[in-house]
Amino acid sequence: MSTTTASDLLRHLAEVAARQPEPPGAGLYHYVHTAGAYLRTVRRVGGEITGSVERMQRRQWIAPDGSGRLLVTLDGEAIQPSGDYAPGRLAAVFITTADPTAVEAELRERNPSGDTAVAVKVFADIWKNQVVPPALQSVLLRHLAEYPDLESADSAVWHTGKERRTLVFDHATGAVVGEDVTALEGAKVPIPTPASISATEWLHSGYTATTEPPA
């Protein structure tokens, strides 16, 4: 039986990530393309709450000034919050340095309590909202490796009695390629449990000069 811990895995992936080439493309916009399946709840007449898991894709182009474009599609059709956005309308809190001290300070600000669950969420949210160059990937992975209560030799897993959050990595590059949030028995969700209520797959990211998909 393997004795590799999730922290061991993350430190190994940090070494792998540091050796990767820079992200593709050039330009102001951080382009991130993900696919996912997410729980949608509906409150019906009479107060009944029902839920269903819907699969959609999200493409986003965000510039440092908070301008850009979102394209969210469900069954091939654009849905909210798709559209073009003026400066300041989109979250552009990018981490643009790979200096470990500066990155650690930023991550402590985003997770002041030092909570493991929040650390895993912050890690995934960074990847959802910006391009993550190899040097930054490596620092983020080493930071996450320091948290307790991570499980599994194949992925980084954190869970309470009600929820399990799993990060899946490409072992050849160190990049995160998937995130799953599973509601466990006893979780207050309007669907039978256990069930995945949020699953994200990273398809592509890079820099662009326009709000059009990169080649």
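These legends describe close-up views of a predicted model.

**View 1. Helix 4 and its length.**
Helix 4 runs over residues 134-145 and has 12 residues. From its first C-alpha to its last, helix 4 reaches 17 Å. That is close to the 16 Å expected at 1.5 Å a residue.

Helix 4 is mostly covered, with 10 of its 12 residues buried. Among the buried residues are Pro134, Leu136, Gln137 and Ser138. Val139, Leu140 and Leu141 are also buried, as are His143, Leu144 and Ala145. What covers them includes three helices: helix 1 (6-18), helix 2 (100-110) and helix 3 (116-129). Strand 6 (163-169) is also part of the cover.

In the pair of phenylalanine 123 and tryptophan 127, the ring centres are 6.2 Å apart and the planes are at 35 degrees, so the pair is tilted. The angle falls between the limits of 30 degrees for stacked and 60 for edge-to-face. Both residues lie in helix 3. They are 4 residues apart, about one turn of the helix. Phenylalanine 123 has a relative accessible area of 4%, so this residue counts as buried. Tryptophan 127 is buried too, with a value of 8%.

Phenylalanine 123 lies in helix 3 and phenylalanine 169 in strand 6, so the pair ties together parts that are 46 residues apart in sequence. Phenylalanine 169 is buried, with a relative accessible area of 5%. Together, Phe123, Trp127 and Phe169 form one aromatic cluster.

**View 2. Threonine 34 and its contacts.**
Threonine 34 is found in strand 1, which covers residues 29-43. Its relative accessibility is 7%, under the 20% cut-off, so threonine 34 counts as buried. The C-alpha atoms of threonine 34 and histidine 204 are separated by 7.1 Å. Along the chain, these two residues are 170 residues apart.

Terms used
Residues are numbered from 1 along each chain as its sequence is written. This is a predicted model: local features need pLDDT of at least 70, side-chain atom pairs count only at pLDDT 80 or more; totals for chains, interfaces and linings use all residues. Side-chain values use heavy atoms; hydrogens and water are left out. Helices (H or I, at least four residues) and strands (E, at least two) are DSSP runs, numbered from the N terminus. The expected span of a helix is 1.5 Å times one less than its number of residues. Buried means under 20% relative accessible area, exposed over 50%, partly exposed in between (1.4 Å probe, protein chains only). Contact means heavy atoms within 4.5 Å. Rings of Phe, Tyr and Trp (its six-membered ring) pair if their centres lie within 6.5 Å; planes under 30 degrees apart count as stacked, over 60 as edge-to-face and the rest as tilted.
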